[in-house]
Amino acid sequence: MNNLIVEFSLYDIEFVDRNEAAICVMAIIREEFQAFYAKLLTNPYLLFRPLTDEDKKENPRLELFLERTKATMIPYKGTIGILDKIISNSAVFKSLPKEVSEALETCKVETISEFIGDNENRINLVLDCLKDKVCKVLSRGLANTELPSLLRTIISLDSLGYLDEADCKAIIDLLNEDIKWKYQIEFLEANDFHSVIDFASKLRDASFGTMFREIVKYYLNSNVENDSYSDTEVDNIGYVASKAKANDYDNNLIECFQSAYEDNPFILFKYKYQKPSLLFDKKLVDDIVANLSYENMQEKNGSQDQLVEITRQIDEKSDVIFQSYIMQVLSFTPSYSLNPANANEILEIIGHITDYFRALPNLEIKDTSALQELCNKISNIVTIQVRYSTENHDLYSDISFSKANLSILYDFLKNSTIKCKKLFVPNKLLETLIISEEMKESTITAFKDFVVQGIDISNYANELVKYNLYDEDYLKVLENLLTLDAEGEFRISPEIVNDEINEILDFLSNNTDQKVEACAVRLAVVPQIQTVMVEKLKSKSVDYLVKMPNQFRAMIVEKFAEQLGLFENNIGVLELIASHGSKASIMELVKVITKKMMTSGQELNAVSLIGKLHYCNKKNYNQLVSCITNIPDDVISEEDKKYCFEHLDEIVPKK
């Protein structure tokens, strides 16, 4: 009687009133026929089936008991859920509260979590009950109808961290090959499917890959049935593929992924994949490239944007896809071809190519042939027929009127050069930028950056020297242009070298600028440039030479002094040495002055040079005084002699 009172307390009053007799029958079976009751826990339908010989042998009185209670129990054959509730709640001391047990079947996770709290024993109790319910559902053949909600509960509890590796393996042991996964996935797909995929991935990692593969198969079949995917389905497929490991990359996964790509590729680009080259294979890429046209290039999320995203997925450094992209651009129809007559179209194309570069900052273009071919096509003036006459059509004169157009050219120049690590844009393009007030400084700065990166700029010397400012960036560019090749030869034409040296010397003679002076000093260290400078300066006036900055002038004076024998008849150079030369240079110059005093017709030049001396040591002083004294007055007048003696007295050291 006490047991029945406890038994009835497990249910609400209304349930007991309707099912009192059945509760009593099941309580007796539990107490008297425990082995058979254990089987009923798994499959209550055994109550309505003939007993096996084994059951009869183990329980001789069981058959009679069932016969006598048959009238009571037969109505429950069609309402197995009620009978299952009685059986589930019959484990008096181990049962869950009714609302928690029901929550397991209806996925009321909040109710389950509140019951568990921080009690680890309750976690085990909930999981044991859940596994028990799964076992019963599968043994009764109710997987299609009742397993999905239990799976949802299991997945929800897993996402909350309640399931460990042992629990997953226990669940794997319950799942059998007879499960129709389509019904499970259809039910689970209605809510957050990413957690389902995470759970399937977890089972796969525990050596049960069936659920993961069945998800892929489900979506593959779904596309066949519906002919397209919704955005949510595409997202789920992308997420499945992102969770795929090497062994998961079979034909089903690839076909499913590529079908989803057709419906919304940019959803798939959200995820990263372990083997992206299998998903975005050559055929898929070739199809995207083939779809690229001038019109398509203008479209947001068109072929170009897709190619960029695929490159990011596979290898952002790789230029393989880029080469195909440029080759397709080169094949555009005549209306949108790279004919210089199509100025607006060319600008648009160049702009989009630049966008491609910007979108892939790590792209390294190793094969530049396609891009070079493109540049060749936009480098020439084209002759076009206009009615009965022909016109020369210069692409760059057509587009240089707009700063926006110039910015497109500049961006193409900068980005293509950095990506290719070499320059091959048309020279006319650079000239257009250099002579533009709006873009010339930015362009020179870009070339300074090219120099820093070790990119050869020598083929663009003619255009670069048209820059008309000696700012810091241009000076670095100029120094680079004037460097020598491995054979010690200039890399640019001698005419440009001479013109640039001449211009920088003229600038220094008329302006004070420390940056330009420092550049000139560095250049003058190079013997070949020294030679050019000396050749230019030897014909300049003393006034011109004297105006040179001190450091540069001192260096040039020493170069003159080193080759004094070549300049014995160049009074301008000799006067510069006299007025600004070093003490050692003056000592050598005194020999030339003495020689001129002793040479007929050169005496007055000697007097002029003495007047320019800024220093004279005692030995040279005595030498010059003696020489002047011995020259007749009709050759050097007394007044000139007096001038020389007084000047020498002023500059000779007093001690």
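**Cysteines and helix packing**

Mentor: Happy to, and let's begin with the cysteines. The sulfur of Cys627 is 10 Å from the closest cysteine sulfur, which belongs to Cys644, and that is too far for a bond. Keep in mind that this is a predicted model. A disulfide here requires sulfur atoms within 2.5 Å, and the structure holds zero disulfides. Cys627 has a relative accessible area of 10%, so this residue is buried. Cys519 counts as buried too, because its relative accessibility is 0%.

Now for the helices. Two packed helices are described by the angle between their axes and the distance between the axes. Take helix H8 (residues 98-106) and helix H9 (residues 109-116): their axes come within 8 Å and cross at roughly 135°. H8 and H9 are therefore oblique to each other, and their crossing is left-handed. On the H8 side, Glu99, Val100, Ala103 and Leu104 meet Thr111, Ile112 and Phe115 of H9. The residues of this contact divide into five nonpolar, one polar and one charged.

The other pair is helix H13 (residues 181-188) with helix H15 (residues 210-226), whose axes lie 10 Å apart at an angle of about 80°. That angle makes H13 roughly perpendicular to H15. Here Trp181, Lys182, Ile185, Glu186 and Leu188 in H13 meet Thr210, Met211, Glu214, Ile215, Tyr218 and Glu225 in H15. Sorted by class, the contact of H13 with H15 has six nonpolar, one polar and four charged residues.

How values were computed
Residues numbered from 1 in each chain as written. Predicted model: local features only at pLDDT ≥ 70, side-chain atom pairs only at ≥ 80, totals over all residues. Heavy atoms only, no water. Axes fitted to C-alpha atoms, helices over the stretch in contact; angles between N-to-C directions. Helix = DSSP H or I, 4+ residues; strand = E, 2+ residues; numbered from the N terminus. Parallel < 35°, antiparallel > 145°, perpendicular 65-115°, else oblique. Left-handed = near helix turned anticlockwise from the far one by under 90°. Contact = heavy atoms within 4.5 Å. Nonpolar A, V, L, I, M, F, W, Y, C, P; charged D, E, K, R; others polar. Buried < 20%, exposed > 50% of the residue type's maximum accessible area, 1.4 Å probe, protein only.
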